[in-house]
Amino acid sequence: MPQPLSSKENSLFRQVIRNYEDKQYKRGLKAAEQILKKNPRHGDTMAMKALIINQQGKTEEAFALGKEALTADMKSHICWHVYGLLYRHQKNFEEAIKAYKFALRLEPESHQIQRDLAFLQIQMRDYQGYIQSRTAMLQARPQLRQNWTALAVAHHLAGNLAQAEKVLTTYEDSLKVPPSKTDYENSEAVMYKNTIIAEMQDYQRALDHLESIAKTNLDRLAVLEYRAEYLSKLGRKEEAANAYRALIDRNPEHPDYYTNLVNSLDIGADDYSARKAVYDEYAEKNPRCDAARRLPLDFLVGDSFREAARDYLALMLDKGVPSTFANLKHLYTDPFKRDTLGSLAHEYLDSKRASSSETTNGDVLKGEPAALYYLAQHYNYHLSRDLAKAMEYVNKGIELLPDNVEFHMTKARIWKHYGNSQKAAETMDQARKLDLKDRYINTKAAKYQLRNNENAAALQTMGLFTRNEAPGGPLSDLLDMQSVWYLTEDGEAWVRSGNIGLALKRFHAVYNIFEVWQEDQFDFHSFSLRKGQIRAYVDMIRWEDRIREHPFYTRAALGAIAIYVSMYDSSKAPNGVGESANTNGDEAAERKKAAKKAKKEAQKAEREAAERTAKQDPNKAKGASAEPVKKDDDPNGLKLAQTTEPLTEATKFLAPILQFSPKHIDGQIAGFEVFIRREKYLLALRSLNAALAIDPEHPMVHEQVIRFRQTLNSKLESLPPKVAEVLKAEFTAVDASADLKKFNADFKEKHKDSPPHVISAIQAEKLLGEDKKKAEKDLAGVISLKNIQHDQAIEVLALLKSWRSSEADTFKTAAHEKWPEVTAFA
């Protein structure tokens, strides 16, 4: 039983709660200690003390005290509520929900507990539970509009659109006084209701409802867009066309408005002149409009395209618009348009050289320099690549405008495509120095330094635009700013340098950032409803459900998985040495040396950052930061690199890819690699079949098919009968009786001109027992293939080194002769 408190101690207990809410943890702890001196077994005070010390970072101690509080008073809703809060802090949401529900049973009228439970349920996407909680909250406080709106959102997200609309309508009908015309919350709520009706595909009713609220609604643009969309879907073409014309008059640069206008006018896809006339009308009406001139290039063909492209290109190059090539490069998928644009740029350049005798003034990227800039990008682009010509034009541009940043950046990109990461980094840094106040070029310089494995220099470059007072130097500030691109590039650079500890540290940092983004929803479950921003809130919930599809998460996750798989292979090979991992003799020594060098560089960068801070702000008192700096107990990732369960760690990164990006073939390939090593054959088959469905001719998938068939042939009998039956039924890519060597030889012959496929087939030959020397010779011979690129040759060199092949040095020499500019072969 709980100990009763005197009036003085009750007052102290209320002070503890206030101190906690105001984040005055030391005062709250002191007040709690005073109560516990006289009432050592007072459960509620013990629970509040646990909550306070948990906020101070003492999680284990807080949990122990929280359990002790429950033992002292099992029937206290405060103890159970606190216990749930402790679990929530640990991200154990299932246990937190159980604790909240128990607290609610003891105190059904507690609005705070009910609210915390509801937020946790929506965070976990427990929509049915959320509906129940929101219904209870509405019944308790029906006078609050946000409770009605929240229940409607709960039904909407659960897929019950009719019920969501009914809840909103019930509230509107209950109003005795109409809301003010300037009531933002009401304006948003009625627009939200309109979107629900539209989602039910009842467009006529949605249109009628929209017309009834249009005059008083504050979101004028949304009203116009929804109206145009509904009219179009209802087949009222003439009215829809007028609606889209009104939108274009409002914003003539919006490409979708033009597309929808053309569709509403019932102009045939092949009637190019009629479609062009629509765009010409707005180009004439808005002389400065870009979209009306650029968009027709997407559908025009032949001479019509040539004329329109000539006019557009001349206009843009005369103005000196730097993004001209970026606006047009999507057209390069059509060979005619690609070649036409190139020839038109040459024509423009020749005409300017013939007609203009005046010298170029200052740093103006107009006329001849603009044409040179376009042509440099044209020949640097992968669909029209000729790097020698690209370099020729960029150098001519630099002669005309030696201080132009764009030309130097393009030259750095050309060096990158040559494979010369060192010259690319140097050139991009030279471009950075031309404009020291530009954050974008500073970022590009750092990125190119990372691509050249200059981690310390890149951090120093990034430090030019980070907060000087950041306690942990530039890296700490980049982590605070959640600079995902930098952490990913930095991690990949450390992988190339052989420092897997720091590489894993960066990839885990990216993983944690996505966790934080997931966690950040908690703030909006309350905020969005309170502010009435319902449509944005629903969009955010749906976006959060797919956040792990972000390419940077996939990239970092695949990098981490590759490291963990390599670590597992190394640990399973005899004496910790395997052909698939670069951990033998000299390579291990090189990796150790690289790690030591990297550590020194990182320490040097941190020292320089600290010195710079001291120089720039010498009068600032030490330790003046408001919050204590959390010390990283593993700054170099040594603990991460020493994990004894690499495949478990790999699975943590893998699961979100398989769940949210099932069409990402590299994710499915990585899934197979992890599951086959964990001997989870059904899961491995699921990943393999998914990869086969995406691209059955993918080189890595071919190799995995052979490995899986080999594995099944040797282990099928030892598997449980049901598992074996499923594997036999579902794996149909290669029959159990098939000759795998012939299967591989046919694949190699079919793709004999494709370097990635040939490389994969040779790896499969080695796997199937081919003579090691012959496999190495065949692999080295890939360099003679016509279509081989330098990045594929780099992959071959890495593979030969991992096989400890004597062909590696010969291959490297031959590759250097073929690609003298590539840094990796220098």
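This is a predicted model: local features need pLDDT of at least 70, side-chain atom pairs count only at pLDDT 80 or more; totals for chains, interfaces and linings use all residues.
Guide: Helices here are DSSP runs of H or I with at least four residues, strands are runs of E with at least two, and both are numbered from the N terminus. Residues are numbered from 1 along each chain as its sequence is written, and side-chain values use heavy atoms, with hydrogens and water left out.

Visitor: Why is Gln-132 called exposed?

Guide: Exposed means over 50% relative accessible area, buried means under 20%, and partly exposed is in between (1.4 Å probe, protein chains only). Gln-132 has 59%, so it counts as exposed. Its C-alpha atom is separated by 9.2 Å from that of Ala-154, 22 residues apart along the chain.

Visitor: And why does Arg-707 count as buried?

Guide: Its relative accessibility is 16%, which is under 20%, so buried is the word. Arg-707 sits in helix α38, residues 699-715.

Visitor: Which residues is Arg-707 in contact with, leaving aside neighbours within four places in sequence?

Guide: Contact means heavy atoms within 4.5 Å. For Arg-707 the list is Phe-672, Glu-673, Ile-676, Arg-677 and Leu-767.

Visitor: What makes Cys-79 and Cys-289 buried?

Guide: Cys-79 has a relative accessible area of 1% and Cys-289 has 4%. Both values are under 20%, so both residues are buried.

Visitor: How many disulfides does a search of the whole structure find?

Guide: The search finds 0. To be a disulfide, a pair of cysteine sulfur atoms must be within 2.5 Å.

Visitor: What is the phi of Asp-266?

Guide: Phi is about 60° there, a positive value, although Asp-266 is not a glycine. You'll find Asp-266 in the loop between α15 (255-264) and α16 (272-285). With 58% relative accessible area, over the 50% mark, Asp-266 is exposed. Glu-679 also isn't a glycine, and its phi is positive, near 60°. Look for Glu-679 in the loop between α36 (665-677) and α37 (681-694).

Visitor: How do you know how confident the predictor is?

Guide: Check pLDDT, the predictor's confidence in each residue, from 0 to 100. The protein's mean is 90, and 92% of its residues reach 70 or more. Over residues 576-585, though, pLDDT is below 50, and this stretch has 24 contacts in the model beyond near neighbours in sequence. Residues 618-628 also stay under 50, with 1 contact beyond four places in sequence.
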